[in-house]
Amino acid sequence: MSSVKFYQQENQVPLEMHKVRVVQKLNLIPVEDRLRAIQEAGNNTFLLQNRDIYMDMITDSGVNAMSDRQTAAMHVADDSYAGSESWNRAKAAIKTVFGVDNVLPAHQGRAAENILAETFVKPGKVALMNFHFTTTKAHITRLGGEVVELIDKKGLIPQSDDPFKGDFDLDALRSIIEEKGAENVAFVRVEAGTNLIGGQPVSLENMLAVTDICHQTGVVSVLDASLLQDNVYFMKKREPRCNYMEVKDIYHLLASRFDIIYFSARKLGFSRGGFILSTDAKWTQMMMEFVPLYEGFLTYGGMEVRSIEAAAEGLLESLDMEYISQGPEFIEYLVNELDAYGVPVIKPAGGLGAHLNCSEIVPNIPHNQYPAAAVGAALYIAGGIRGMERGTVSEQREPDGTERYAELELQRLALPRRVFTLSQVKYCADRVKWMYDNRNLIGGLKWTEEPKVLRFFFGRMKEIGHWQEELVSKFREDFGDSL
């Protein structure tokens, strides 16, 4: 990875190692229209229309900019139903990147999670994780399983200097396997990095220790590698052992130690689709029957063949540190800007995006009035910026109907790779700062339509009181006729 220092230190910014050749027009609608749009969307940023958004920071999944090589690869796709050369090229790319031969396709990451759950989860079994992800947990609980989080306690400290806040608590892992019995553990899943606690990475040392425990106890080890390229970036920057390892060497080592690896190509590979890998064919054989049942044939698994070609090229590109560094470096820049403004953010900067610590931004709003969702609505009003709630709304209620309050109330501002310019990142920081300075105006939200499962995707809420109208009035007072 290149290191470029600016002659004038005050000019030092992340330097893109790519050029932009295709652009897409954006809209920034007036603040009154933003108020109307967020209220019509039930204060759910997922229900906003793209035409009403200036900066779409809801996710980095499937919205990253593809390279010229990925786009070119889409034109040689073989759309045969079975025996497609596109699938052969994808398998060859996975062999290069991970060193494994046993590969199953799925149409995206959560489809891979469904296959894992169908294969290994039975009523009464537990899945052990450093931290859960929303869809992962839903697949497991749907089948009568239980999710137990074993994140090291450092992972829930909003601001610290610890470089690997996603690490497993290894003592707790050993203890609960002994307590529950290995036969009652569906699998141990490492998420690298951890989505719901700020995209925080897991160290190589910790991941290898987890697999050692699994091998010793006979428990299946699973790696969710959707965010692995960000995690590898942090390994190489923060973990001495990895400084002199090639990216491919790290991928190969992890693949040799975990029983199963799965990932969303929308994140790792910058295309669409998903894959499940294993060094041992027995695991692939166990899961294989679910691919035709839920996804499609074994050589496309619900993926469109052009996406398979793009994913194959994207996986090869993920071995290049110039390719994978842009996201974490832009995220770090935004986190540092916000921190300098005094805005509470998760530190150190992780993958995925910058994460606003909403419990500190609006400490007056209780969990049951959904502070992270309220901050997300306020930020959209402030700047046409769409983030994602990663707090209590992203949890699911307990079986008795009571709320399960999130450990952290976060608003995630994802930075899709090679999509935004630095001026747009600075605009985002500026609008977050304005929102923070007017945080006393932000109030809570209450449900009007609450789905039972994955409510953050399509549930609707309304403001408590009229705080959003007051925020619009303050915007006009401060910004005049500006958009």
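1. A word on terms before we start: contact here means heavy atoms within 4.5 Å. With that in hand, look at Gly387, which touches Thr45, Met57, Ile58, Gln411, Arg412 and Leu413, leaving aside residues up to four places away in sequence. Gly387 and Ile58 are 329 residues apart in sequence, yet their C-alpha atoms are 4.2 Å apart in space. Gly387 sits in the loop between strand S10 (385-386) and S11. Helices (H or I, at least four residues) and strands (E, at least two) are DSSP runs, numbered from the N terminus. The relative accessible area of Gly387 is 1%, so this glycine is buried; the cut-offs are under 20% for buried, over 50% for exposed and partly exposed in between, with a 1.4 Å probe and protein chains only.

2. Some background on the model. This is a predicted model, in which local features need pLDDT of at least 70, side-chain atom pairs count only at pLDDT 80 or more, and totals for chains, interfaces and linings use all residues. Residues are numbered from 1 along each chain as its sequence is written, and side-chain values use heavy atoms, with hydrogens and water left out.

3. Now the chain as a whole. The secondary structure of the protein chain comes to 18 helices and 14 strands. Its radius of gyration is 22 Å, close to the 23 Å that the globule rule gives for 483 residues, so the protein chain is as compact as a globular protein of that length. That radius is taken over C-alpha atoms, and the rule is 2.2 Å times the number of residues to the power 0.38. Along the principal axes, the C-alpha atoms fill a box of roughly 65 × 55 × 45 Å.

4. Of the 483 residues in the protein chain, 59% are buried. Among contacts with a separation of 6 or more, 73% are between residues 24 or more positions apart. The accessible surface of the protein chain is about 19400 Å², and carbon and sulfur atoms hold 49% of that surface. These areas come from the Shrake-Rupley method with a 1.4 Å probe; for residues, only the protein chains shown count as cover.

5. Which strands form the open antiparallel sheet? They are S9, S12 and S11, in the order S9-S12-S11. Strand S9 (353-357) and strand S11 (388-390) stand at the edges with a single partner strand each, so one side of each has no neighbour in the sheet. The twist averages 30° from one strand to the next; axes are lines fitted to C-alpha atoms, for helices over the stretch in contact, and angles run from 0 to 180 degrees between N-to-C directions. S9 and strand S12 (residues 410-414) pair in the antiparallel sense over five bridges, where pairing requires that DSSP finds at least two bridges between two strands. Gly353 has Ala414 in S12 as its bridge partner.

6. Strand S5 (residues 185-191) is worth a look too. S5 is mostly covered, with seven of its seven residues buried. Strand S3 (residues 126-129) pairs with S5 in the parallel sense over four bridges, and Ala127 stands opposite Phe187 in S5. S5 also pairs in the parallel sense with strand S6 (residues 221-224), over four bridges. There, the bridge partner of Val190 is Leu223 in S6.

7. How many residues does helix H15 (residues 371-383) have? H15 has 13 residues and reaches 18 Å from its first C-alpha to its last, close to the 18 Å expected at 1.5 Å a residue. The expected span is 1.5 Å times one less than the number of residues. H15 is mostly covered, and 13 of its 13 residues are buried. Just after H15, Gly384 takes a positive phi of about 65°.

8. Finally, some backbone details to check by eye. Most residues other than glycine have a negative phi, and most peptide bonds are trans. Phe270, although not a glycine, has a positive phi of about 55°; Phe270 lies in the loop between strand S7 (260-264) and strand S8 (274-278) and counts as buried at 3% relative accessibility. Arg418 also has a positive phi, near 60°, and lies in the loop between S12 and helix H16 (422-437). The relative accessible area of Arg418 is 17%, so Arg418 is buried.

9. Two cis peptide bonds deserve a glance as well. The bond from Ala192 to Gly193 is cis, with omega near -5°, and Gly193 lies in the loop between S5 and helix H7 (204-217). A cis peptide bond also joins Lys347 and Pro348, with omega about 0°. Pro348 is in the loop between helix H13 (321-340) and S9.
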